[in-house]
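Here is a short briefing on a model of a complex. Please look over the sequence and structure first.

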Amino acid sequence: MASEVNTDFLHNKKLDSIAADILRPVGITQGFIVWMGFLGISLLACIYAYYIQFDKGLIVTGLRDYISWGMYIANFVFFVATSLVGMLISSVLGLIGLKWVKPIARIAEIIAVAFAAIAGLVIVSDMGRPERLPYVFLYGRIQSPIIWDVTVVTTYLVISTLLYFLPLIPDLAISKGRMGHTPKWLQQTYEILSVKWNHTPKQYQILMKAVRIMLILIIPTAFAIHTVTSWLFAVTLRPGWDSSIFGPYFLTGAFVAGSAAVVILMYFVRVNYKLDKYLTTHHFDMMGKLLVLVSIVYLYFNINEYLVPGFKMKTAEAIHLHDLFVGEYALMFWSVQLLGLVIPIILLLFKFFRKPFPMFVISVFVLVAAWFKRFIIVVPTQDHPFLPIQRVPHEWMVYHPTIVESAITMGTIILAVIIITILVKFFPVIPIWEVAEEQNELDSKTKE
Amino acid sequence: MIKRYFSLLLIVLISLRLSAQVWVVPAENETRKSPFAFDDASRKAGSDLYYTNCKSCHGEPGKNNAIPLVPPPPDMASAKMQGNSDGAMQYKLISGRGPMPSFKNTLSATDLWRVISFVRSFNPSYKQEIASASAAAGTSAQNVKIVLSWLKETNQVQASISGVKDKVNQPLAGAEVKLFAKRYFGYLLVDEPRTTDALGKAVFNFPKDLPGDSTGYVQLVASLTNDVAFGETKADTSLVIGVPTYRPPLTEKRAMWNVVSKAPIWLLLSYTIAVFGAWGFIIYVLLQIRAIYRAGGRKEND
């Protein structure tokens, strides 16, 4: 993001056509109503499931004495992981000066905001007495990684929201006069949110500075959020968690999940909003390369994470690894590693598979596998405590997720999709002014 | 896999070798019998004792899920286990062998019989034989009392034991006594078990360096080995005979595990700096949004 903004683009004719293209899908359409209706009804079912849990407590889940962190915590790690891509794309790649990320940056921020916002809720879903949530702040111990986690998740959510909102301000101002087809309340919302933006150089100057600060600040925050999430596990002595590379292992895994989520959303936007002029095959190609890169790094960490303890085979680690490689979790483990990591890496090395549709399919596999990978990280470790309990019913020692639990987890995913849908549907999903500015630059270059 | 295979082979070979060594039980122990009849109460008590002391190795009776030790701990319901006479079982519990610990000082004589009573409940064809009353009568007494005192000059602890025998309260001679000092997690045997002299007294050498509480108190417990005959008698006395020891509580200093007000300084600093740093910038940026708003208002006036 250049700090000097040349506002000539405001007078370029092309701005009109760009704005028209991007604003066309904005507003309430029939498809939107049907889609939201579907999400809303599904969500109601999930809310009912949560009502059951709220009423009866965690006994309605499969969580017992041995496995007390199940689907919910896996889901939490997944949400935090996926949200991290906002930092990777708009911040790291943007600050390096890669031009192709500009039209994608907002999509990445939408993913970041939606997933970070719901991550907090997911944690509440794991609480048997959610009304005691304030106790975390009243009686929480600063020594506990859980408190650090609560702190960074909140901070990350705020920064991501700002990184979504700040670059949106000029777009809101540009859109104001071009929203004839949308409901009045939406136009009023634009009016308020555009904070009297009228494209003065001074405003651009302030905006660019603010964005820059946030872009830099989000890097350590994002590193912190997922490293701390990994510490929730890594600060214990348990096999499978007791690892010194858990921080980077989680971070790189997060980039894989997040990149896949961005590709999926890009594909939907491109196809449904007919924005293939802005989300071109080139963008998918580049995202494909990014996905290969982060996947290879993640694969490298995976090899580290399993080979080193696998070489030493300390008793407890050996039992754990046996469970993953050939035991109870083998099917899930190998499916995740092959379908979600190894095969995507191989396929994405070929240009054909970096075309939009193949990319979309591969990304769905990667994202689903990313969810199960979190399950593999969280659950199997708890099967073999160092101090086994005795004389308890078998049921207390195994974990079978219940329907209630699965429905609540589904509900959190639906909620994230709802947030994404609203942001994508009611606001320009591609930064109009940045695309126009770049177009203007190209035009002036060709004139010379 | 291959490694596992070889270690399995090794275990099998070693256990074959060891199980070849018969666990010899002296003839007089072989024929010992419980002085009381096994009933539901004794089996219930035995079950509790079993699950706290034995299950970790021998596993759930009848399930053959003992841990893989060398030699393997037999299952309680197995023919090998039930092939022991009551007396042989008692002897093996008292003496121990290899990984099988001796329970001589851990379980009282009565408790040993209770565990055996529980073990027998997994043998449907078992018929109990009770020790004949006469065998026990000669050495038994009622209302047994143990009094502990400290012989300062020699640093010894003396146990004086008396009981009602032949309707007369008299010093109890020839009874074996054990002395224990209570520690954090259990009882520490002090000196050897001693047998009372004609005056009913037994004397234990007490170590000079045993840590006591902050004033030197040590809680002493004495019991009779043969509590079947004498009843479950115990003396429980605190004497100032230990080295005064002050152990600072683990929550005294700043530590990771302590309350917030005693969190490590470095942690408080890092956390505070990180949070204030990040939120300082966030608030600054929020103020910038206001600045944008103000700058927008001005243009119209230009």
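At what angle do the axes of helix α5 and helix α7 of chain A cross? In this predicted model, they cross at roughly 150 degrees and come within 9 Å. A cut-off settles the label: angles over 145 degrees count as roughly antiparallel. That is why α5(A) is roughly antiparallel to α7(A).

**Helices α5 and α7 of chain A**
- Helix α5 covers residues 102-125 of chain A, and helix α7 covers residues 145-165 of chain A.
- The crossing of α5(A) past α7(A) is left-handed.
- On the α5(A) side, the residues in contact are A:Arg106, A:Glu109, A:Ile110, A:Ala112, A:Val113, A:Ala116 and A:Ala117.
- They meet A:Val153, A:Tyr156, A:Leu157, A:Ser160, A:Thr161, A:Leu163 and A:Tyr164 of α7(A).
- By class, this contact of α5(A) with α7(A) holds 10 nonpolar, two polar and two charged residues.

**Helices α12 and α13 of chain A**
- Helix α12 spans residues 281-312 of chain A, and helix α13 spans residues 315-325 of chain A.
- Their axes come within 9 Å and cross at roughly 125 degrees.
- That angle makes α12(A) oblique to α13(A).
- α12(A) and α13(A) form a left-handed crossing.
- From α12(A), A:Tyr306, A:Pro309 and A:Gly310 take part in the contact.
- Their partners in α13(A) are A:Glu317, A:Leu321, A:Leu324 and A:Phe325.
- The contact of α12(A) with α13(A) counts five nonpolar residues, one polar and one charged.

**Chain A as a whole**
- Chain A has 17 helices and zero strands.
- Its radius of gyration is 23 Å, close to the 22 Å from the globule rule for 448 residues, so chain A is as compact as a globular protein of that length.
- The C-alpha trace of chain A spans about 80 × 45 × 40 Å along its principal axes.

**Confidence**
- For the complex, the predictor gives an ipTM of 0.91 and a pTM of 0.73.
- Chain B has an average pLDDT of 86, and 88% of its residues score at least 70.
- Where in chain B is confidence lowest, and where is it highest? The lowest is helix α8 (residues 133-137) of chain B, with a mean of 49. The highest is strand β6 (residues 201-205) of chain B, at 94.
- Residues 134-138 of chain B have a pLDDT below 50. Beyond near neighbours in sequence, this stretch of chain B has one contact in the model.

Methods
Residues are numbered from 1 along each chain as its sequence is written. Chains are lettered from A and ligands numbered from 1 in the order in which they are written. This is a predicted model: local features need pLDDT of at least 70, side-chain atom pairs count only at pLDDT 80 or more; totals for chains, interfaces and linings use all residues. Side-chain values use heavy atoms; hydrogens and water are left out. Axes are lines fitted to C-alpha atoms, for helices over the stretch in contact, and angles run from 0 to 180 degrees between N-to-C directions. Helices (H or I, at least four residues) and strands (E, at least two) are DSSP runs, numbered from the N terminus. Angles under 35 degrees count as roughly parallel, over 145 as roughly antiparallel, 65 to 115 as roughly perpendicular and the rest as oblique. A crossing is left-handed if the near helix is turned anticlockwise from the far one by less than a right angle, and right-handed if clockwise. Contact means heavy atoms within 4.5 Å. Ala, Val, Leu, Ile, Met, Phe, Trp, Tyr, Cys and Pro count as nonpolar, Asp, Glu, Lys and Arg as charged, and the others, Gly among them, as polar. pLDDT is the predictor's confidence in each residue, from 0 to 100. The radius of gyration is taken over C-alpha atoms; the globule rule is 2.2 Å times the number of residues to the power 0.38.
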